[in-house]
Amino acid sequence: MSQDPHQAIPLGDISGERIETSGHRDVLQSTQHQALQGQSFFSDGSGPLFNMYVKMAEQEDNKMTDRWQKDADGILIFTGLFSAAVAALSAVSIQDLRPGPQDNSEFYLEGIYRLLADPNVSRESILAAPANPPSFSPPKYAVWVNSLWFLSLAISLTCALLATLLQQWARRYLTVTQPPRYSPHKRSRIRAFLADGVNRLHLPWAVEALPTLLHLSLFLFFSGLLVFLFNIHHTVFSVVAWWIGLSVGMYGCITLMPIFRPASPYYAPLSSSALMVYTGVSYGVFGMLSFITHFRYFSYTTWNRFDNLMGTYRERLWWGVVKTAQETASASSAEIDRRVLRRTFDALDEDHELEQFFECIPGFCSSKVVDDPKGILAEMDDGGLTDALVQFWDHTLTSSFVSEMVKKKRFTTCVKAADSARLTLAAREILHNVIWGGMEAVLRSVEIGHSLISLGNNKDEGLALLAQAIIARIIASVPVGERDYRWKALVMDQLGVSEGVLRDYLAHGDSVLIANLIHFTRQFFCFYLGGYRTFLPVALLNILPTISELGLQNILPGLQHDFCTLRNEIVLEARKRGNDEIPFYILRQIRHIYIALHQGTDSTPTASSTSTRSDDILDQPTSYPSCNIPGHGSHIHEPVIGAPEETVHASAATSPTVPHPDAVLATTSPSTGPDVSSLPTLTPHDSHIRLEDEPSLHYMP
């Protein structure tokens with residue numbers, strides 16, 4: 001109903017007076033657009049600048065005058081009802097200020113009654129009695145009651161008059177400052193001239209004074225009412241006094257609350273004055289203490305504390321209620337930002353709203369304005385941020401109304417949000433569901449691969465392995481004719497090789513694809529050896545059959561060496577673990593490559609071939625001999641992938657093209673996963689399988 005008088009009124013000229021910028025961005029853009037289009041309505045070059053000022057000033061003036069008129073409307077309604085009540089009671093109480101028409105009759109009747117009641121009264125006593133009634137003197141309580149009530153009525157009517165004038169002032173101000181046919185130059189000067197008068201003549205203070213006078217009128221009425229009832233009936237007085245005391249106490253709390261609770265929405269006209277008194281007194285007290293403690297008898301810490309408090313209250317002395325609340329909010333921004341984010345998140349319901357929210361998370365996490373943004377999101381995760389992200393992606397993945405293009409966009413959004421906010425569980429679930437569901441739009445997108453590079457280097461090894469699995473799948477799925485510079489950059493990031501090494505790979509058949517297979521297989525195997533074999537993402541079982549479908553012509557000998565070295569390590573581990581563990585599964589998926597690379601050698605398996613599909617044969621350790629060919633993998637060492645370019649052998653070996661014997665796995669329904677005969681029944685939501693809980697783990701070749 002009123003505004004803080006300490007808050008600057010957005011009035012001023014273009015030469016330096018303050019103009020609020022809220023809501024002016026559209027005006028600036030519109031004016032700039034007109035200037036760019038050459039749509040100038042003025043012959044003078046300064047016209048567009050003055051026109052910009054006029055538009056901004058109109059917005060601010062309309063807001064200000066609208067606020068004034070609403071305040072005046074509220075005051076007029078209240079004063080009308082209040083004045084009627086005061087006038088009705090005053091009409092009763094005013095009778096006590098003048099003699100009544102029956103006072104003289106009562107006096108003479110009283111004398112006659114005494115004479116008739118006592119016939120022995122002497123003549124002298126009769127003559128001594130006053131012949132005329134005494135002069136009238138109203139009781140003191142009546143004087144007080146009527147003084148308070150009539151003063152209250154006068155103030156109330158004055159407020160009504162001022163409110164009416166305020167409405168007229170507002171209309172006149174708009175009429176004068178916004179003439180329809182004046183040029184922007186003239187309108188700007190008129191507006192700046194009148195705005196200066198508004199500020200210099202303290203019109204905002206006059207507007208603020210109206211509610212103050214109205215409240216004063218009400219308290220005067222309450223005071224007179226208590227005096228009136230005290231002399232009428234004590235019981236009625238007690239009841240009314242109790243309620244008025246409670247109301248006054250509440251009003252005092254409302255007035256003082258902005259001082260101690262700057263976030264309080266409660267405010268009274270005297271709050272600004274009370275704040276000024278409080279901060280002024282505090283400033284004086286702490287200034288004196290700062291001066292006293294400046295001497296050597298006190299520590300520097302004590303003096304510094306009082307000096308800082310003095311500075312704080314000196315600033316608040318000029319801020320006012322609104323500015324104090326704004327600065328206090330800025331000082332405690334972390335907690336406020338947390339509430340803002342939580343309330344925003346709780347209000348979201350539709351998918352497009354959630355998508356917009358998740359798109360904003362990376363920018364929020366990199367913000368330099370917000371204190372500890374990732375910590376805020378971590379606390380929000382307790383309220384279901386991970387669940388919301390996973391459910392949003394699941395709904396997108398399973399919806400038949402969402403296009404593949406939108407799914408790709410939402411996948412990138414979810415991954416970036418989970419990575420930025422460190423929502424590891426959410427990122428795992430999202431990547432797992434993509435691999436398990438065989439979402440080709442994602443598994444063939446190089447752009448998606450680049451967005452997963454950071455996750456591939458994540459400290460969480462399970463999440464990193466899932467990201468590397470998708471990247472490996474993307475690298476293997478891009479046809480030769482579509483391998484552009486972005487695909488090459490993805491390969492270099494994934495394999496950790498230089499551009500020269502990559503060129504050497506590309507010049508030798510499918511060397512880059514077998515390097516991709518070796519890299520992922522080693523990561524998969526190391527993840528298993530690192531103690532994670534009991535908590536393995538089951539979706540990874542979908543990857544090896546797809547990335548091992550490659551031709552083996554003109555493969556670099558260095559890569560053949562790396563392949564055999566890695567496979568020998570896996571063979572040794574498979575013999576330790578048995579045929580129900582992951583190493584045995586890996587051997588079955590890459591056996592066709594091993595056989596193709598060792599045809600005509602002593603290391604060729606004798607118990608099986610690429611066409612063998614019998615579990616009885618493929619479950620035998622003899623089906624997976626070690627490579628004992630010198631130069632292949634006789635010694636176990638780190639692979640050359642990622643090594644300097646000169647370590648790559650320039651010569652090439654020729655091997656036949658051998659497709660994966662399980663190519664049917666890559667063309668089966670995406671929802672079924674790999675064709676694993678003895679795996680427990682799984683669904684796409686079974687993100688992990690604990691191998692130690694299963695009696696055996698046989699994989700169909």
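A residue counts as buried when its relative accessible area is under 20%. F392 has a relative accessible area of 1% and is therefore buried by that cut-off. The structure discussed here is a predicted model.

## Overall make-up and confidence

The protein chain contains 28 helices and two strands. Of its 701 residues, 42% are buried. Among contacts with a separation of 6 or more, 75% join residues 24 or more positions apart.

The mean pLDDT of the protein chain is 75, and 70% of the residues score at least 70. By element, the highest mean pLDDT belongs to helix α21 (residues 485-495), at 92, and the lowest to helix α28 (residues 663-667), at 34. Two stretches stay under 50. Over residues 1-42, where pLDDT is under 50, the model has 90 contacts beyond four places in sequence. Residues 634-701 also stay under 50 in pLDDT, and for them the model has 172 contacts beyond four places in sequence.

## Aromatic pairs

A search of the whole structure gives 13 aromatic pairs. One of them joins F78 and F82, whose rings are stacked, with 5.7 Å centre to centre and 10 degrees between the planes. Both residues belong to helix α2 (residues 47-93) and are four residues apart, about one turn of the helix. An α-helix has 3.6 residues a turn, so residues three or four places apart point the same way. F78 counts as partly exposed because its relative accessibility is 34%, whereas F82, at 8%, counts as buried.

A further pair, F358 and F392, is tilted, with 5.6 Å centre to centre and 55 degrees between the planes. This pair links distant parts of the chain: F358 is in helix α12 (residues 351-365) and F392 in helix α14 (residues 385-398), 34 residues apart. F358 is buried, at 1% relative accessibility.

The two pairs are set out below.

| Pair | Arrangement | Centre to centre | Angle between planes |
|---|---|---|---|
| F78 and F82 | stacked | 5.7 Å | 10 degrees |
| F358 and F392 | tilted | 5.6 Å | 55 degrees |

Ring pairs also build a cluster, made up of F78, F82, W149, F221, F222 and F228.

Charged groups lie over rings at two tyrosines. The charged end of K186 sits over the ring of Y182, at 4.4 Å from its centre. R567 lies over the face of Y594, and here the distance to the ring centre is 3.5 Å.

## Nonpolar cores

The largest nonpolar core has 98 residues, and those that touch the most other members are F358, F411, L431, L452 and F520. Helix α23 (residues 511-532) gives the most to this core, contributing 11 residues. A second, separate core has 18 residues, among them M64, Y173, V198 and L214.

What does F358 contact, leaving aside its neighbours within four places in sequence? The contacts are L385, A388, L389, F392, T413 and A417. F392 is thus named both as a contact of F358 and as its partner in the tilted ring pair.

Helix α15 (residues 404-420) has 17 residues and reaches 24 Å from its first C-alpha to its last, close to the 24 Å expected at 1.5 Å a residue. Its buried residues are K407, R410, F411, T412, T413, C414, V415, A417, A418 and S420. Of these, T413 and A417 are among the contacts of F358, and F411 is one of the residues that touch the most other members of the largest core.

Just after α15 comes R422, with a positive phi of about 60 degrees. R422 lies in the loop between α15 and α16 (424-437). Its relative accessible area is 61%, so R422 is exposed.

H202 likewise has a positive phi, of about 55 degrees, although it is not a glycine. H202 is placed in the loop between α6 (184-200) and α7 (203-230). At 46% relative accessibility, H202 counts as partly exposed.

## A buried arginine

R588 is part of helix α26 (residues 582-597). Is R588 buried or exposed? R588 counts as buried, because its relative accessibility is 1%. From C-alpha to C-alpha, R588 and Y624 are 8.4 Å apart in space, and in sequence they are 36 residues apart.

Key: Residues are numbered from 1 along each chain as its sequence is written. This is a predicted model: local features need pLDDT of at least 70, side-chain atom pairs count only at pLDDT 80 or more; totals for chains, interfaces and linings use all residues. Side-chain values use heavy atoms; hydrogens and water are left out. Rings of Phe, Tyr and Trp (its six-membered ring) pair if their centres lie within 6.5 Å; planes under 30 degrees apart count as stacked, over 60 as edge-to-face and the rest as tilted. Buried means under 20% relative accessible area, exposed over 50%, partly exposed in between (1.4 Å probe, protein chains only). A charge sits over a ring if NZ of Lys or CZ of Arg is within 6 Å of the ring centre and within 35 degrees of the ring normal. A nonpolar core is a set of buried Ala, Val, Leu, Ile, Met, Phe, Trp, Tyr and Cys residues joined through side-chain atoms within 4.5 Å. Contact means heavy atoms within 4.5 Å. pLDDT is the predictor's confidence in each residue, from 0 to 100. The expected span of a helix is 1.5 Å times one less than its number of residues.
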